Amino acid sequence: MNTLAITILAGATLAGLPVGADTGAAPVPLRIYAQESMPPKWVARNGHMDGVCPDILDAIERIEPRLRFADNAEARSLPVIEQALESGLVDAACALLDTQQRRDVAQIVGPPLYSVRHRLAASIGDTATPGSFADLVKLKPLINTARGASYTQQLRVLGLQVDDSTGDNLLNLRKVAAGHGRFFYMNELTLAWLLRDEQVKGTVRLLPGVLREEPIYFWMSKKTDPATVAIVDRALDRLHASGELARIYKRWLNGR
């Protein structure tokens with residue numbers, strides 16, 4: 001799998017330049033890891049990354065000539081991405097939920113990229129349709145989640161049993177189909193994509209209820225140069241104002 005590395009013109013002098021200015025300087029790399037097993041946020045295709053986040057990065061590049069993106073990459077688990085942000089090993093992370101742990105090691109840049117709707121998947125033969133956390137508490141099921149997911153602890157606080165032993169989300173769905181966990185808790189975008197996969201198609205279904213909806217953000221390490229952070233911030237503001245962020249999300253939600 002791939003890690004996406006961003007190359008960007010950095011340095012304090014950039015902060016005062018108008019958007020779109022061409023300095024002629026050599027680009028400086030900014031690193032960002034793709035997130036493993038999270039299609040269509042990241043989709044490995046023909047040796048490079050496609051998906052929501054690569055499209056967002058491409059859109060930033062189109063409106064800000066000082067930004068350059070290079071795909072030379074490996075995908076990582078969410079805990080590894082958080083550790084890399086903290087150490088400065090990577091400069092940015094695309095499309096993560098807001099948590100205190102992430103705020104401790106990184107900063108939100110720009111407006112929300114989009115909102116995520118949290119839903120459940122269950123075995124095709126399971127007739128239960130919990131539509132709220134209260135419904136889940138009554139059922140007391142074993143719930144599978146991705147390793148490192150921010151909502152795992154939220155579920156445990158409610159007294160629910162959670163299996164977060166793997167970051168392989170197709171495996172999590174196969175476990176539910178086989179009865180090793182009653183539900184899989186995941187964002188709607190990824191669930192809808194994964195349920196089209198031949199490995200789980202016809203064995204697991206998406207439940208209709210939306211348990212929670214919350215914004216998702218672009219993050220940058222606190223060790224990244226502030227002038228560079230400001231450039232990315234302005235570019236994302238423009239993409240939000242133009243509606244391009246919403247258009248990218250809608251294309252992939254519809255199964256691009």
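In which hand does helix α1 pass helix α9? The crossing of α1 past α9 is right-handed, the term for a near helix turned clockwise from the far one by less than a right angle, with anticlockwise giving left-handed. The model is predicted, so local features need pLDDT of at least 70 and side-chain atom pairs count only at pLDDT 80 or more, whereas totals for chains, interfaces and linings use all residues. Residues are numbered from 1 along each chain as its sequence is written, and side-chain values use heavy atoms, with hydrogens and water left out.

**Helix pair α1 and α9**

- The axes of α1 (residues 52-63) and α9 (residues 244-253) come within 10 Å and cross at roughly 150°, where axes are lines fitted to C-alpha atoms over the stretch in contact and angles run from 0 to 180 degrees between N-to-C directions.
- That angle makes α1 roughly antiparallel to α9, a label that applies over 145 degrees.
- On the α1 side Val52, Asp55, Ile56, Ala59 and Arg62 meet Glu244, Leu245, Ile248, Arg251 and Trp252 of α9, contact being heavy atoms within 4.5 Å.
- The residues of this contact divide into six nonpolar, no polar and four charged.

- Strand β9 (residues 106-123), a DSSP run of E with at least two residues, has 13 of its 18 residues buried, that is, under 20% relative accessible area with a 1.4 Å probe and protein chains only.
- With β14 (residues 212-221), β9 pairs in the antiparallel sense over nine bridges, pairing requiring that DSSP finds at least two bridges; here Tyr114 stands opposite Ile216.
- β9 also pairs in the antiparallel sense with β12 (residues 183-187), over five bridges, and Leu120 has Tyr185 as its bridge partner there.
- A further antiparallel pairing joins β9 to β13 (residues 204-206) over three bridges, in which Ala121 stands opposite Leu206.

**Backbone geometry**

- Most residues other than glycine have a negative phi, and most peptide bonds are trans.
- Pro39 and Pro40 are joined by a cis peptide bond with omega about 0°, and Pro40 is placed in the loop between β3 (34-35) and β4 (43-45).
- Ala95, in strand β8 (residues 92-97), has a positive phi near 65° and is buried, with a relative accessible area of 0%.
- Lys140, in the loop between α4 (133-139) and β10 (142-144), has a positive phi of about 50° and is exposed, with a relative accessible area of 63%, exposed meaning over 50%.

Note on methods. Helices (H or I, at least four residues) and strands (E, at least two) are DSSP runs, numbered from the N terminus. Angles under 35 degrees count as roughly parallel, over 145 as roughly antiparallel, 65 to 115 as roughly perpendicular and the rest as oblique. Ala, Val, Leu, Ile, Met, Phe, Trp, Tyr, Cys and Pro count as nonpolar, Asp, Glu, Lys and Arg as charged, and the others, Gly among them, as polar.
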